Amino acid sequence: MSTPRDVITSYKDAPTRTVDVGGATYAYRELGPRGGIPVVFFVHLAATLDNWDPRIIDPIAAGRHVIAFDNRGVGASAGKVPDSVEAMAEDAYAFVTALGFDEIDVFSFSLGGFIAQALVMEHPELVRKLVLTGTGPKGGKDIDKVVATTYRDIVRAALTRSDPKEFLFFHRDATGKAAARAFIDRLDERATDRDAPLEISAFRTQLKAIKKWGRSSPDDLSAITQPTLIANGDNDRMVPSILSEDLHRRIANSELIIYPDSGHGAIFQFHEKFVPVAVEFLAR
């Protein structure tokens, strides 16, 4: 067990570690008090370890052991990115079990939410609780359009020398623009030991996996019996908000939060409201 003096409480200070799993090396960071069931964070499309909002992770890590990781072929993790969400889920399973855990809570966002669903469908015994944010079900209407939306907003961002997430995650009104800038600034709080950037080939493979997920036959989500917290904005352009409502209807033991006047990054825009709810949910 960690002693109070050596517990890392801030994500920007968490060292990057690695673990070898069957010839693949996974990069990860951990913080918070050791012991109990860890909360494992599943990140979004094109993201590395550096893309988690510290205002989300730090409050959860105040009372829980938190682990964030790069899936295979992402950031500092070695190997090739799988071209299916299900294969990404199997990699996540290999990573978690290699660290010695047989039960976890999952906090997921966007593509991470797809992976989390695939994980819990295939390995239900591993997951105790599930947080699904900015995400949707397999076969969900218009998920396959994420590719076109992403490329379009990358171009829009380049023309204004902005980060694409400012367009993809937030409304382009005064409130959304301010929230976007604040979010991007928070991602830059970590000054040293930054992660390796995602390679273009890996990004394209992730998009291929997302398109395949969107065009696949739906899973029977009634099989998910774990307590589940679902959150999104009311106008998500990447993964349509109606799909969060669909998840809520199909996962019996679920709760749904929809934030007003916000998009894909609603949990980051409304972190002050969302985090206490997430902390309470995970603590039950």
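In this predicted model, one side of helix α10 carries the exposed residues Glu 272, Lys 273 and Ala 283.

**Helix α10**

- The buried residues of α10 are His 271, Phe 274, Val 275, Ala 278, Phe 281 and Leu 282, and because they cover an arc of only 130 degrees around the axis, they lie on the same side of the helix.
- An α-helix has 3.6 residues a turn, so residues three or four places apart point the same way.
- Helix α10 runs over residues 271-283, and its 13 residues should span 18 Å at 1.5 Å a residue, which agrees with the 18 Å that separate its end C-alpha atoms.

**Cavities**

- Searching the whole structure gives three cavities of 30 Å³ or more, and the largest cavity holds about 140 Å³ of space.
- The largest cavity is lined by 15 residues, of which Val 43, Asn 71, Val 74, Ile 115 and Gln 206 are the closest to its centre.
- By class, the lining of the largest cavity consists of ten nonpolar, three polar and two charged residues.
- The second largest cavity has a volume of about 70 Å³, and its lining comprises five nonpolar and seven charged residues, with no polar ones.
- Among the residues that line the second largest cavity are Lys 12, Arg 29, Asp 50, Arg 186, Glu 189, Arg 190 and Arg 194, together with Tyr 11, Leu 49, Trp 52, Pro 54 and Leu 187.

- Helices α4 (146-159), α5 (164-168) and α6 (174-187) each supply at least two residues of the lining of the largest pocket, and α5 gives the most, with three residues.
- The lining of the largest pocket divides by class into 13 nonpolar, six polar and six charged residues.
- For the second largest pocket the volume is about 150 Å³, and its lining has four nonpolar, six polar and two charged residues.
- The residues that line the second largest pocket include Gly 73, Val 74, Gly 75, Ser 77, Gly 79, Lys 80 and Val 81, as well as Pro 197, Glu 199, Ser 201, Ala 202 and Thr 205.
- Val 74 is one of the residues closest to the centre of the largest cavity, and Val 74 also lines the second largest pocket.

How values were computed: Residues numbered from 1 in each chain as written. Predicted model: local features only at pLDDT ≥ 70, side-chain atom pairs only at ≥ 80, totals over all residues. Heavy atoms only, no water. 1 Å grid on protein atoms, 1.4 Å probe; cavity = no way out; pocket = protein on both sides within 12 Å on 5 of 7 lines; lining within 4 Å. Points joined across faces, edges and corners; volume = space filled by probe spheres on them. Nonpolar A, V, L, I, M, F, W, Y, C, P; charged D, E, K, R; others polar. Helix = DSSP H or I, 4+ residues; strand = E, 2+ residues; numbered from the N terminus. Expected span 1.5 Å × (residues − 1). Buried < 20%, exposed > 50% of the residue type's maximum accessible area, 1.4 Å probe, protein only. Arc of directions from axis to C-beta.
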